[in-house]
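Have the viewer open as you read.

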Amino acid sequence: MVPGDASNLVTQMRRGALPYCVLALLRDEERYGVELVRLLAAVDGMVTSEGTLYPLLSRLRRQGLVETTWRESTSGPPRRYHKLTAEGGRALDVFAAEWARFRDGVEHFVGKETSR
Amino acid sequence: MTTTAHELIDAYLRRLDAAAAGLPPARRAELILEIREHISVALAESPDQGEPDVRTVLARLGDPEHIAREAGGADATAAPAGEQLSARRVLPGLAGALVLALLVLIGEVVGWVALLIAVVLGWTLLRWPLRQKLLIVVIWPVGLGLAASAYAGGGEPIAPVVALAVVVGTFVVVHMDRKAA
């Protein structure tokens, strides 16, 4: 293994986990694109550029995990709000459980180095 | 908004449109529309919608080429998965050869049963699109049936040639179909 592998792997893991972070942001609340994008970008290391979130949202819609409705706004143009579907909720629950197991498992081994 | 601000946005969207040329038309239009919406909403929420704000919004969106790649990337990586399964690609040929051997060596009834099994196995195991799977179900029974009747009619040298042509033909047709897709 070379050091470059690790950053590549992190990129791949982020790509894999990001859709579920979007679903999680929609768990209790409907949100519009700019809002979603800003919330994700505010957390370090989650997205490299805001624009790449839109292809992801489009994919989630096509997969039936998310649906959208238009709403008027008091300031500026109407917003396209994203909402979790029942299937999206199930997908999120499954991932959340698997993720907790995976995270704890990796942490059990890898986390020891840093906690010394 | 100033003229420069408008020009900046137009130039950005043109770059995105060009970069997304490889996407299916509906997806390309959807992407442009959503980025356009993002820009207008993000600007509406900015303090003064001037040129500096436009530059900031576009910079945060990132490279149009990067966005277009992301839009095409996830589907592009899904396609080659079937290509990697070389064993699965050989399978139809092996099944065809087996059917041919049974038809010629053992007899018609066993041959037809083998053909049925081969078609069912091919249908369930192969990760091909539905259209290509239909080719198997049509080409194999018809072609191998012809080969069998040619054999039964005493045309022994013809039967293996027809059967071989069917197996090879399946590959050629599926391969061409894939290239076209």
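Start with A:Arg103 and A:Asp104, whose side chains meet in a salt bridge at 3.2 Å, N to O (a salt bridge here is a side-chain nitrogen of Lys or Arg within 4 Å of a carboxyl oxygen of Asp or Glu). How exposed are the two partners? A:Arg103 has 41% relative accessibility and counts as partly exposed, and A:Asp104 is partly exposed too, with a relative accessible area of 45%. On this scale, buried means under 20% relative accessible area, exposed means over 50%, and partly exposed is what lies in between, using a 1.4 Å probe and protein chains only.

A quick word on what you're looking at. This is a predicted model, in which local features need pLDDT of at least 70 and side-chain atom pairs count only at pLDDT 80 or more, while totals for chains, interfaces and linings use all residues; side-chain values use heavy atoms, with hydrogens and water left out. Residues are numbered from 1 along each chain as its sequence is written, and chains are lettered from A and ligands numbered from 1 in the order in which they are written.

Now look at A:Glu98 and A:Arg101, which also form a salt bridge, at 3.5 Å from N to O. They sit 3 residues apart in helix α4 (residues 86–115) of chain A, so about one helical turn separates them. A:Glu98 is partly exposed at 43% relative accessible area, whereas A:Arg101, at 61%, counts as exposed.

Step back and take in chain A as a whole. It has 4 helices and 3 strands, and from the N terminus on the order is α-β-α-α-β-β-α. These elements are DSSP runs numbered from the N terminus, with helices being H or I of at least four residues and strands being E of at least two. Of the 116 residues in chain A, 34% count as buried. The chain exposes about 7200 Å², with carbon and sulfur atoms supplying 57% of that; accessible areas come from the Shrake-Rupley method with a 1.4 Å probe, and for residues only the protein chains shown count as cover.

Over in chain B, B:Glu65 and B:Arg15 form a salt bridge with their closest N and O atoms 2.9 Å apart. This pair links distant parts of the chain, since B:Glu65 is in helix α4 of chain B and B:Arg15 is in helix α1 (residues 3–19), 50 residues away. Both ends are partly exposed, B:Glu65 at 33% relative accessible area and B:Arg15 at 41%.

So what happens where chain B and chain A touch? The contact (heavy atoms within 4.5 Å) takes 22 residues from each chain. The area buried between them is about 2000 Å², of which carbon and sulfur atoms give 51%; buried area is the accessible area, with a 1.4 Å probe, that two parts lose on being put together, summed over both. On the chain B side, B:Glu34, B:Arg60 and B:Glu70 lose the most area to chain A, together 30% of what that side buries.

The rule finds 7 salt bridges across the interface, and the count over all chains comes to 18.

Which helix holds B:Glu70? B:Glu70 is found in helix α4 of chain B and is buried, with a relative accessible area of 13%. Leaving aside neighbours within four places in sequence, B:Glu70 is in contact with A:Arg15, A:Thr52, A:Pro55 and A:Arg59. A:Tyr54 lies in helix α3 (residues 53–62) of chain A and counts as buried at 3% relative accessibility.
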